[in-house]
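Please look at the sequence and the fold shown here, and work through the questions that follow one at a time.

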Amino acid sequence: MKVIWQNIIYSRLLQCDVDKQKIVSLELRVVIPKVVTNWIDGTEQTAIADEVFPKLDPATGELLCQGVRSQTADIARAVLSAKLAQQDWAEIPPVQRGMLLHEIVLGMKAHQPEIAEIVAAETGKSYRDAYGETGGAIALGLFYASEGQRLYGRTTTSGTPNKYAMTVRQPLGVAGLIIAANTPIANVAWKVFPALICGNSAVLKAAEDTPATAWIFGKIAQAAGLPPGVLNIVQGYGEEAGAPLVAHPDVAVVSFTGSTAVGRIIQRVAGDRFARVSLELGGKNPLVVCDDADLDNAVKWTLLSAFSNAGQRCASASRIIIFDAVYEEFRDRLVEKTKQLKIGTQDDDDLGPVINESQLQNMLAAVAEAKAGGATILVGGERVNSPGFYMAPTLLENVPPEAEISQCELFGPIAILYRVKDFAEALALANDSPYGLTASIHTRSLHRAVRFCEKVQAGVAVVNAGTYGSEPHMPFGGLKRSGNGTREPGTEAIDVYSELKDIYINIDPNRL
Ligand code: NAD
């Protein structure tokens, strides 16, 4: 019976009663609402102040939809709903919580094409890439649904006779989740599934550039039977909707994926009230090409790491460090291949637009400044396909490692080539960064590969592939300004979203 009921719910899921403005796909009839609402207490709600903000289509620059502009009062409402729902949610055994999360995963699977359509429409990436990203989010959800069976504590020995020592995991309470727009459905899954499996309720602040992706996830979660209030989703700007969530005294853990600048504020504000904080921040990731590298493979992975998803990955490669002996050959092959990249939103295109106009303007300004400082633009460097937010894939050389553009994340399709004489210089340059998220080396030498993995200052080290591509069951996170030492997802995310309690049980054998 349950299955039939679920099927009816899912088939009704997208026939929503909202004002239908844009039909993303005629075949699938997926609709992005004209006004994308909050999900609070299991219902769709507009903002109390009744204001909205515009969400533009990155591929055209035209209005795609509007999001409700939540502010402090809306956040208070969402946190209260989460707080009231949390204790009942925590009473459900983790195995059963996992079964409910599994229902959400089934809903995502049933609606993978529709989710992908929305992700593609909001980000400007191709449907193929959006579908793959949704598959990654589903895999992550599956992993955490099963973690309900493995919320392990520890049993150990005691120094005292007739005493037993163990730990159990307990939820923290309300989780405040704040995410970026670059891989929107993966980012939602990355935070929501581990937070909920641990018995927390959550308030998710969607990225303002991808409101409908979070909204459709909320719709699927409600249809799957998630109790009202366990997951609340709020739309809005960072300073208006994100900041009050971080400051709210009833939010026990703040998990944030976004820029280092905002992460610093969150660390300070949430830290001040002793909330737990998990920060997944930016990167300026090195990809090293040694003189013994397979150059075809190195070119392939440099292109993917620097330009796929329009370079909007925390794990993208933006510093390409090349041994002197192969510098010219590698550079010329890379430039040639970069010129062949196809820009657009179709499945056979290589990269789409960046997420908004202001991101694009930041990049253009950074490239102009680098050029004024003596940088050579090997390819790209300009806006294309206006009025969409397209940045041409860009390669620079003759940039000092200490220059602003070498040290700061741009979060777009821009990479800089550096020449080094040997392994020691390559490693030193790789580590000469305020960030430490991911790194890759291309070499046929086992000695170089292992040494690099040992010594590079990064949370992820890769041999002979790209700087991105972390798997859902593996911990991800960075050193230095790339994070605060936590790791999500993997089983390690359980440490972010749960509290350990020691339990000692004393017995008296004389009272048997
Ligand atoms: P951003 O920091 O500007 O925004 C991220 C989120 O924070 C958005 O939802 C935004 O509304 C919110 N926000 C902004 N100001 C806030 C405030 N004062 N208080 C609370 N919330 C606030 O980042 P972005 O430009 O949207 O995203 C790109 C950044 O995200 C890059 O630095 C990228 O490397 C990083 N990122 C990191 C990871 C990772 O896992 N390490 C993954 C994806 C993206």
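Q: Which residues have the most contacts inside the largest nonpolar core?
A: A nonpolar core is a set of buried Ala, Val, Leu, Ile, Met, Phe, Trp, Tyr and Cys residues joined through side-chain atoms within 4.5 Å, where buried means under 20% relative accessible area, exposed over 50% and partly exposed in between, with a 1.4 Å probe and protein chains only. The largest such core has 67 residues, and those with the most contacts inside it are Ile104, Met108, Phe193, Leu196, Leu204, Phe217 and Leu231.

Q: Which helix gives the largest share of this core?
A: The model is a predicted one, in which local features need pLDDT of at least 70 and side-chain atom pairs count only at pLDDT 80 or more, while totals for chains, interfaces and linings use all residues. Residues are numbered from 1 along each chain as its sequence is written, and side-chain values use heavy atoms, with hydrogens and water left out. Helices (H or I, at least four residues) and strands (E, at least two) are DSSP runs, numbered from the N terminus. The largest share of the core is nine residues, and these come from residues 184–197, which form helix H6.

Q: From which domains does this core draw at least three residues each?
A: Domain bounds come from an automatic or database domain assignment. At least three residues of the core come from each of domain 1 (2–281 + 484–499) and domain 2 (285–463).

Q: How many residues does the contact take from domain 1 and from domain 2?
A: The C-alpha centres of domain 1 and domain 2 lie 31 Å apart. Contact means heavy atoms within 4.5 Å, and between these domains it takes 21 residues from domain 1 and, from domain 2, 21 residues.

Q: Is Thr338 buried or exposed?
A: Thr338 lies in helix H11. Not counting residues up to four places away in sequence, Thr338 touches Leu303, Phe307, Val379, Pro393 and Leu395. Its relative accessibility is 2%, so Thr338 counts as buried.

Q: What is the relative accessible area of Gln312?
A: Gln312 lies in the loop between H10 and E16. Apart from neighbours within four places in sequence, its contacts are Asn182, Pro353, Val354, Ile355 and Phe411. Gln312 is buried, and its relative accessible area is 6%.

Q: How many of the residues of strand E14 are buried?
A: Strand E13 (residues 251–257) runs parallel to E14 and is joined to E14 by five bridges, and Ser255 has Ser278 as its bridge partner in E14. Strand E14 (residues 276–280) is largely enclosed by the rest of the structure, because the buried ones among its five residues number four.

Definitions and conventions: Pairing = 2+ DSSP bridges.
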